[in-house]
Amino acid sequence: MTTGRRLLYLLRTMRPKQWTKNGFVLVGLVFDGKLLELPLTLTALWTLVCFCLVSSSVYILNDLIDVERDRHHPRKRLRPLASGQLNPGLARSAMFVLAVAGVLGAGMTNIFVGLTLAAYLLLNAAYSGYLKNLVIIDAMMVAVFFVLRVAAGSIAVEVSAFSPWLYICVSLLALFIAFGKRRHEIVLLREAASGHRTSLKQYNLPFLDQIIGVVTTSGLISYTFYSFEAETALADPARMMLTVPLIVFVVFRYLYLIHVEQRGGAPDDLLFADRPLLAAVVLWVLSVVAVIYLR
């Protein structure tokens, strides 16, 4: 096998498509009204790069741990490690280099950002090794990872007017995605679901649908409350409330994809595969930027 092909398989295992999740590192920068300050923007982008390195290290770790289970999954069996295309030794070396580079790179900018990223790495290792097998805890850990992304970005740019409501919104969004993914796995794998992920044998569709309903309602209410408190983001509350209908559409569209089209696996796949969802998210981002920065 050529070196180029090995690197290609390694890149696939690093899952660059899922780096979109690390965009939450920029939440503090945008909602604190500092997007136009070039030094802070560069700092936030560097923090995002460090998160991409560490998250890729975590994805490699997860694939190494789950290699046998992934071989029995209709989609994951095609991953380079599960299919035997990528040498485990090369994967382990890359995992170590990416983790060290990401944490040290973040620490060079701000020691507390580095510590946050180190906590993210350690918690992910615990999640991959054990916590993902615990019912409910598995989804709550996903929310913790999203909050750590936001926290690291906020520390990096030293936010001063960042609304605490946004932490709640991010947590509920992560729970919404995580439980939606669990539902998709049960629908896709059926009786074999528990063999792929231990916690799935403790879930069922009625229970997940009830949780998703609670999280959805809580998330929409929380974002609406945030829009009332939008002066913390240097925006006129009356204008920030105009973004609420877009969030409602995004959530309802995601629910449609989960319940009607029986999708809901990797959120990045859904985002880029479904044009109405992608268009709504892009429009929401542009609307938030316009509300905060075009005063």
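Predicted model: local features only at pLDDT ≥ 70, side-chain atom pairs only at ≥ 80, totals over all residues.
Me: How are the rings of Y203 and F207 arranged?

Reply: Planes under 30 degrees apart count as stacked, and those over 60 as edge-to-face, with the rest called tilted. The planes of Y203 and F207 stand at 20°, with the ring centres 6.1 Å apart, so this pair is stacked.

Me: How many aromatic pairs does the structure hold?

Reply: There are twelve aromatic pairs in the structure, and one of them joins F176 and Y254, whose ring centres lie 5.2 Å from each other with 55° between the planes, an arrangement that is tilted. Because F176 belongs to helix α9 (residues 165-189) and Y254 to helix α13 (residues 244-259), the pair ties together parts that are 78 residues apart in sequence.

Me: Are F176 and Y254 buried or exposed?

Reply: F176 is buried, its relative accessible area being 6%, and Y254 is buried as well, at 7%.

Me: Which residues do ring pairs link into a cluster?

Reply: The cluster consists of F31, Y223, Y226 and W284, linked by ring pairs.

Me: And which residue lies over the face of F146?

Reply: That residue is R149, placed at 4.8 Å from the ring centre of F146.

Conventions: Residues numbered from 1 in each chain as written. Heavy atoms only, no water. Phe/Tyr/Trp six-rings, centres within 6.5 Å; stacked < 30°, edge-to-face > 60°. Helix = DSSP H or I, 4+ residues; strand = E, 2+ residues; numbered from the N terminus. Buried < 20%, exposed > 50% of the residue type's maximum accessible area, 1.4 Å probe, protein only. Lys NZ or Arg CZ within 6 Å of the ring centre and 35° of its normal.
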